[in-house]
Amino acid sequence: MNVLLQVLLVVVGFAMLVKGADWFVDGAAGIAERFGIPQLVIGLTIVAMGTSAPEAAVSISAAFKGAADASKGTVDITIGNVVGSNILNILIILGLTAVIAAVAVQRSTIRYEIPFMIGVTVLLLIFGITGNEVSRVEGLLLWVFFIVYIIYLYRMTKNQKPEETEEKKEKASVGKLLLFVVIGLALVVVGSDVTVDAATEIAEIAGLSPKFIGLTIIALGTSLPELVTSVSAARKGKADIAIGNIVGSNIMNILFVVGTTSVILPVPFAGGFVVDMGIAIAAAVLLLLCVFRKKKLDRAGGAVMLLGYVAYFVYLCIGK
């Protein structure tokens with residue numbers, strides 16, 4: 001009975017995370033549009049940050065709970081959640097999106113953003129293996145790179161003008177948009193708290209490690225906003241926004257989520273995460289190789305990515 005209750009709480013927590021992130025993105029994007037911020041900037045920053053909000057909330061919540069009770073092992077969820085989400089974002093979400101429709105990729109994404117994503121993933125691995133944790137100083141360094149990334153996005157898009165919509169739509173008031181942002185953020189925070197508690201309880205009951213839970217169940221749950229956004233874009237014929245959303249989210253997961261969490265509390269990096277980090281790097285390199293020549297991710301590339309995640313999941317189940 002207790003297991004069923006915890007599973008129900010995980011489902012409720014995920015629902016709050018997804019809906020909260022959805023409202024947060026809608027509200028923030030609406031406010032940005034009101035002030036004439038270009039859509040590309042909105043997509044690469046606000047939408048990417050919004051879809052990364054569940055990862056941030058879960059990881060920060062896990063850090064606080066780990067500080068309060070180290071015996072719970074919730075701190076292992078932080079790295080597992082971020083690394084698991086980044087792997088899932090590329091192999092499952094982009095793979096599934098590309099199978100639905102070929103995903104166009106901008107030249108700047110191939111030349112700068114994907115290599116930068118690979119670079120910060122390698123940097124996180126180096127931080128983790130050098131001291132078996134991501135320290136506060138290293139967290140601050142991740143934040144420095146995060147600020148550099150935001151400046152890069154601003155400089156890249158500052159000369160672009162907002163797209164004109166074909167038909168005038170009635171715009172929500174700034175007050176209503178702010179309400180969406182506040183309620184969405186509140187749902188994300190509360191949902192993350194419920195999810196971490198329930199998932200940790202299930203791990204203890206089932207004898208599963210927090211690492212396995214973080215890399216699989218929580219990673220999938222916190223990646224649902226990215227999945228919904230990317231698949232929806234593909235179905236609407238706007239698959240070109242999918243890679244920007246995923247690459248931006250993966251970069252922010254490492255720089256903002258791990259950076260912020262490790263500043264609050266140094267994040268332990270178990271030796272077992274080295275393999276998972278290697279797979280995260282390999283997935284990012286695979287993405288670069290798939291799009292380098294054709295400037296798009298086609299169905300064949302998407303199928304290879306989906307098969308790659310199946311192999312990774314089998315590895316996790318064997319080693320759980």
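Colleague: What should I know before I start?

Modeller: The model is predicted, so local features need pLDDT of at least 70 and side-chain atom pairs count only at pLDDT 80 or more, while totals for chains, interfaces and linings use all residues. Residues are numbered from 1 along each chain as its sequence is written, and side-chain values use heavy atoms, with hydrogens and water left out.

Colleague: How many helices and strands does the protein have?

Modeller: Eleven helices and four strands. Both are DSSP runs numbered from the N terminus: helices are H or I with at least four residues, strands E with at least two.

Colleague: Why is Val 274 called partly exposed?

Modeller: Buried means under 20% relative accessible area, exposed over 50%, and partly exposed in between (1.4 Å probe, protein chains only). Val 274 comes out at 35%, so it counts as partly exposed. You'll find Val 274 in helix α10. Not counting residues up to four places away in sequence, Val 274 touches Leu 125, Ile 129 and Phe 269, where contact means heavy atoms within 4.5 Å.

Colleague: What makes α4 and α10 roughly antiparallel?

Modeller: Their axes cross at roughly 170° and come within 10 Å. Those axes are lines fitted to C-alpha atoms, for helices over the stretch in contact, with angles from 0 to 180 degrees between N-to-C directions. Angles under 35 degrees count as roughly parallel, over 145 as roughly antiparallel, 65 to 115 as roughly perpendicular, and the rest as oblique. Therefore α4 and α10 are roughly antiparallel to each other.

Colleague: Which residues make that contact?

Modeller: Among them are Ile 114, Met 117 and Leu 125 of α4, and Val 274, Ile 281 and Leu 287 of α10.

Colleague: What makes a set of residues a nonpolar core?

Modeller: The members are buried Ala, Val, Leu, Ile, Met, Phe, Trp, Tyr and Cys residues, joined through side-chain atoms within 4.5 Å. The largest one here has 68 residues, and Ile 90, Ile 243, Leu 287 and Leu 297 touch the most other members. Helix α3 (residues 76-100) gives the largest share, ten residues. A second, separate core of five residues includes Phe 24 and Leu 177.

Colleague: How do you know that Lys 294 and Asp 298 form a salt bridge?

Modeller: The label needs a side-chain nitrogen of Lys or Arg within 4 Å of a carboxyl oxygen of Asp or Glu. For Lys 294 and Asp 298, the closest N and O atoms are 3.1 Å apart, and they form a salt bridge. A search of the whole structure finds one salt bridge.
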